[in-house]
Amino acid sequence: MNAPKTIPFEPEGPQPLLREIAPGQNYPVEALGPLRSAVEAVQSMTQAPVAIPAASALAVASLAVQGFANVETLGGNRPVSLYALTIARSGERKSSCDAPLMQALRDHEKRQSDAQRDACISWENERALWKGEREKILAEAKKGKGEKRVAAQADLEALGPEPTAPPLTDRTVTEPTFEGLTKLFGVGQPSLGLFSDEGGQFLGGHAMNSENRQKTLAALNDLWQGNPIRRTRAGDGHATLYGRRLAMHLMVQPIVARTFMADRQAAETGFLPRFLICEPPSTIGTRLHSNARGDDTALIGYQNRLRGILQTPMPMDPDTRELEPRSLLLAPEARTLLIEFADEIEAAQAPGRELAHVTGYASKSAEQAARIAGVLALWGDLNKQALTGQDMANGIALARFYLSEAVRLADAAVVSQEIDSAEGLRKWLLEGWPHAEVMVRDVVRLGPNPLRESPKARAALSMLERHGWLAKLDPGIMVRGATRSEAWRIVRNGSGG
């Protein structure tokens, strides 16, 4: 009987460097309350990750209700404006999720635009009559003195100021500059939404270039807080707009999001932590037409509700168009839940705890919970006076999910940066380093610029060792004519030679 053939052992070669991102939590769709059925209907039709239509629904609802009430938080009254950032690659059906949830808003904008054109015709006629009357009074005043001038002054005062143009009716913008957004708030609606299913156009556009980024971030931070908009320009003088609100939803591809989230200015100014950030797992490859389902009843109900809120006049000063929102208070049970959540999150930010590296996001999480709860409560009842315990429980569940996403993506950003550094070192070693061995001092002196410090160089070398691209040598080994306490042999083509 022949002996079994021996299969020679072949050591496993170096492993690729991967940007592994831990899987996220399941989206708490049950916490969407009155928005749940519409979100699930869109998800069933598109088979996209449920977090995508959920973010769209929350942002649209925020735009709809933010002019009517502020919400009581543990730090005082705040707007119910929400900023959302949804990260999904091309093909995840971002636009397909957004469109049905925005349809009633788009229809409203179209109807209001048509009505505004008619109003502009009436205004132009009224202004022409006013100008004609004013010129007539001035002409009479020039002909006489004394009493005629006094009479002309009285006539001008009786004539009143020039008729103002009807406000612009747009409720949404896509990629505005700071100046353009300020102008629109001045001549248009006091409650706006910055919505884009191609958010990279805004993040990479004129408003966010190196020259304008700081003022844009500051302005958007102020709007989230409910602060007045202040603008000073040589040609226009100084202007301050009070009582304006902005909701935001940017859908971006991962490569755009990574760049944006790595921007220290966006993080350190507190701009990024104001966003509800989410990167849901892809469903590409599982979206079979045979599994698609539609629920027109749920969507029709959602669209009718949105239409009804948009047609309800917002409380505002008729002259300045400054919003005058009431306060949506915390019922005792809601306050208790919010305090418990805030204390839990505060404790988790202590040094060494799980939220110590995302304090910007964590410190705003309790306020985010109150804002979300306010949006859901007002969507259900625009005249609601106080948040219930259930309202707050929903807001906390959603805020907790978005905070978990911020933690996950922040961790991924750190991992990606470490891997990028290690990959740069790997290429340098294989393509530009002439020796078979390498030491920390070699990398610090001659390696890639980002690794010219010992801790960074050692971290990159250790990562390459873990992935099999380097083999640690015994202490005291001779390398290039001297004994070395620490050195590695470069692994080329799956062998240590």
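**Salt bridges and a helix contact**

Asp114 counts as partly exposed, at a relative accessibility of 26%. The model described here is predicted. The structure holds 18 salt bridges, among them one between the side chains of Asp114 and Arg117. This briefing also covers the packing of helix H2 against helix H13, with axes 9 Å apart.

- The side chains of Asp114 and Arg117 form a salt bridge with an N to O distance of 2.3 Å.
- Both residues lie in helix H3, which spans residues 94-143. Because Asp114 and Arg117 are three residues apart in this helix, about one helical turn separates them.
- Arg117, with a relative accessible area of 47%, is partly exposed. Asp114, at 26%, is also placed in the partly exposed class, which lies between the limits of 20% and 50%.

- In helix H1 (residues 36-46), Arg36 and Glu40 are four residues apart, so they are separated by about one helical turn.
- The side chains of Arg36 and Glu40 meet in a salt bridge, at 3.0 Å from N to O.
- Arg36 has a relative accessible area of 32% and is partly exposed. Glu40 is likewise partly exposed, with a relative accessibility of 31%.

- A salt bridge joins Arg353 to Glu354, and the closest N and O atoms are 3.2 Å apart.
- Glu354 is partly exposed at 47% relative accessibility, and Arg353 is partly exposed at 39%.
- Elsewhere, Arg78, Glu367 and Arg371 belong to one network, joined by salt bridges that share partners.

**Packing of helix H2 against helix H13**

- Helix H2 covers residues 51-65 and helix H13 covers residues 365-380; the two pack at an angle of about 70°, their axes being 9 Å apart.
- H2 is therefore roughly perpendicular to H13, since angles from 65 to 115 degrees fall in that class.
- On the H2 side, the contact involves Leu58, Ala61, Ser62, Ala64 and Val65. On the H13 side, these residues meet Ile372, Val375, Leu376, Leu378 and Trp379.
- The residues of this contact of H2 with H13 comprise nine nonpolar and one polar, with no charged residue.

How values were computed: Residues numbered from 1 in each chain as written. Predicted model: local features only at pLDDT ≥ 70, side-chain atom pairs only at ≥ 80, totals over all residues. Heavy atoms only, no water. Salt bridge = Lys/Arg side-chain N within 4 Å of Asp/Glu carboxyl O. Buried < 20%, exposed > 50% of the residue type's maximum accessible area, 1.4 Å probe, protein only. Axes fitted to C-alpha atoms, helices over the stretch in contact; angles between N-to-C directions. Parallel < 35°, antiparallel > 145°, perpendicular 65-115°, else oblique. Contact = heavy atoms within 4.5 Å. Nonpolar A, V, L, I, M, F, W, Y, C, P; charged D, E, K, R; others polar.
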